[in-house]
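Please examine the sequence and the model shown below.

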Amino acid sequence: MSTLALLLGAGLAVLCVLWVASPFVREPDAADDTLAAPEERRLALLEERDRVLAALKQLEFDHRTGTVSDDDYRATVGALRRQAADAIRALDALDAPPAETRRQEAVNVR
Amino acid sequence: MPELGRSALVVALGLAVYATFAGALAARRRKRRLAVSAQNALLAAFAATAVAAAVLVAALVRRDLSFVYVAQHISRELPLRYAITAFWGGQEGSLLLWLLVLTGLGAAAVAFGRRAGPDVIAWTVPVLGGVATFFALLVVAIESPFATQAAPPEGAGMTPSLQNPYMIAHPPMLYLGYVGLAIPWAFAMGALLARRADERWIVATRRWTLLAWAFLGVGQLLGAKWAYEEVGWGGYYAWDPVENAALMPWLAATAYLHSVMIQEKRGMLRVWNVVLVTLAFGLSLFGTFLTRSGVVNSIHAFAQGPIGVWFVGFIALVVAFSLYLLFTRLPLLRSRTRLESLVSREATFLYNNLLLVAFCLTILWGVLFPILSEAVRGETRTIGPGYYSFFLKSFGLPLLLLMGIGPLIAWRRASVKALGRTFLWPLAAAVAAGVVLLALGAGSSPLGLSAYTFCAFVLGSIALEFARGTRARRALGASSWRGAFAQLVAHNRRRYGGYVVHAAVVLLVIGVVGSSLFQTVREQSLRPGETMTAGDYTLVYRKLERRQAANAEQERAVLGVSRGGRDLGTIRSGKNLYPVEQQASNEVAIRSDPLTGEDLFVIADQIDTDGTVYFKVFVKPLVNLVWVAGLVFVLGALVAMWPDPREARRLATRAARPPAHARA
């Protein structure tokens, strides 16, 4: 029984090692072995955009239910809309192709 | 096959060590394949631990007394279901369960946590690997469940009070809660190690945190139900250190679940949230230490026991590591937004946080003080329920009130005019409830009356939120009221699931207050044929019965019960004597009234040879609401955890890769 148990234990160890080594076995010569990471500025803007849009949605709903009075709504909505517009503008600027690329695209279209 | 169990644990230890070091190397050098390999090691560690767990369960099922662990915790006569529960009944087995749940939850959270991003995940794996290494080391080198001996003819058996159906579910639920809190902590540390202050770690761990918190909550309620029915002292929570051990991380996690919403909505409290996840995980480790080290019963057990020092060292390491990361990453975590008004939703969340953490820390001090007192001054001190009750009242009542106030106040700011309008109906409900209760005689306990008035305020506030939200959805085009209600919940599951959980807390408070502040207690010695009264109930002690069960001798006093002249049948209260374990247990009689939620609770405290029995009788109004609260809590947690496809789509666009020129 103890020999069988030890053999089973060894088998388990071999299977685990194979599983752990599988990324290297499957891609022995990986062209790209670098961990991807999101761009910090873009991520921060996306989070800011989502946060402000969610806050606007919440404000509209709370105003509709009566939790937010008309005065409080007016005092808050403008600033939130400006923040949302700023975040979206900043994102657009980040995602917009550089001037040289835009010029090249225009030439190609012509 | 103890050799297989031992080998599997050694393999699990090796894999955990690999996940720690290879994972850290991969994250530091940004090596993708090595990071995936470390993730695989975490999953493989789970598989190896599962093999070890299967070996132990098989030994318990076969009653293989050559395993020291099996011989110490079960007997041959023990019913199968309890033999299996012995897996977590002893120290070695429960540590193995910790490792099993940790590697399982960790591997799943990493596999399904892509929203955290590869950079954060890469650092989370070694953190989880480090925790797994500690527990694997404990079960391999310090407290192995696979030690063997020449099989004795009979095992030591199981403590009688553990031979209860609630013990099948209560400990695993608590462990899922304790261990589950490792997930948000590991992701938070992963984010700090990756020098990322964004919300990806929060988004990726949101459901895992809710799951751990829900398990911890349900586990505690199951433990309370077990104490109520099995321990037989007339209550369900005694502020015992081991009970407090589960309550403290639950309170810290509750605070975190609220404060994390401020980070998501306003981008604030980043440092505080890391502190809270660390506190919750640190307290879950401390809870395991308290439960397992024997430190609570005797300080000397701590000094002599093999596990206590290891746990203290590991807890210190976790706290030091978390604080180091927190302080070195402080500039990253600074908020750019500020609290706009002290009268706002986020401000009420902040007050709620302060109260929850203050309550948690006062409980911690109550648990630590006797340990420190004995360790430092050699004096045995105990902190009684009075200490905890004082702080429960001091922090609990304002917390209850805040549960009603929070939903009525808007985010960012609220004017007096808006507050007046939104508070009107809940306040009216509270005043009406107070007047009615006063008329019914609830003024006998001013504290109870205040708590019930606050409960009415909270329920009024929750009902108002649902009613106004449904009306607004209907106005927005929902075809029916039912459809409007469904849309309301579906569009903001966390908010409305949270309200259901708040309703559960209110039910819990109603049950606790009713069964403690308004209970009736009578004690009397009766001979067969004699009568006693308790509240509206009349009890006639008819006879004493004796019976031999599979693993115990049973003695039961048979009592006839009537109320207002109406016969309510018979109940049996007595004791079980367990010959193998050489122990006795109280087997209480409980008669529940499903309409009023009241219990008649009878303890046969002392049974004399001449058949005289000393009875303790409790009439506990509304106590069954405590258990109903558990069901409502589960419902609320499920609503809050249920996946939201709209949110998933929004997060997917956030995680999408930017255009090629933006990446260049």
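**Briefing on chain B**

Helix 21 (residues 624–641) of chain B has 18 residues and should span 26 Å at 1.5 Å a residue, which agrees with the 26 Å between its end C-alpha atoms. The expected span is 1.5 Å times one less than the number of residues. Helices (H or I, at least four residues) and strands (E, at least two) are DSSP runs, numbered from the N terminus.

This is a predicted model, in which local features need pLDDT of at least 70, side-chain atom pairs count only at pLDDT 80 or more, and totals for chains, interfaces and linings use all residues. Residues are numbered from 1 along each chain as its sequence is written, while chains are lettered from A and ligands numbered from 1 in the order in which they are written.

**Packing of helix 21**

- Among the buried residues of helix 21 of chain B are B:Leu625, B:Phe633 and B:Ala640 (buried: 20 or more other C-beta atoms within 10 Å of the residue's own, with C-beta atoms placed from the backbone).
- The buried residues of this helix pack against helix 9 (200–231), helix 20 (493–517), strand 7 and strand 8 (598–607) of chain B.

**The sheet**

- Four strands of chain B form an open sheet in the order 1-9-8-7, with antiparallel pairing (strands pair if DSSP finds at least two bridges between them).
- Its edge strands are strand 1 (520–526) and strand 7 (589–593) of chain B, each pairing on one side only.
- Seven bridges join strand 1 and strand 9 (residues 613–620) of chain B in the antiparallel sense.
- B:Arg522 has B:Val617 in strand 9 of chain B as its bridge partner.

**Contact between chains**

- Chain A and chain B each contribute 49 residues to the contact (contact: C-beta atoms, placed from the backbone, within 7 Å).
- Helix 2 of chain B supplies the largest share of the side of chain B that touches chain A, eleven residues.

Methods. Buried ≥ 20, exposed ≤ 12 C-beta atoms within 10 Å, placed from the backbone. Contact = placed C-beta atoms within 7 Å.
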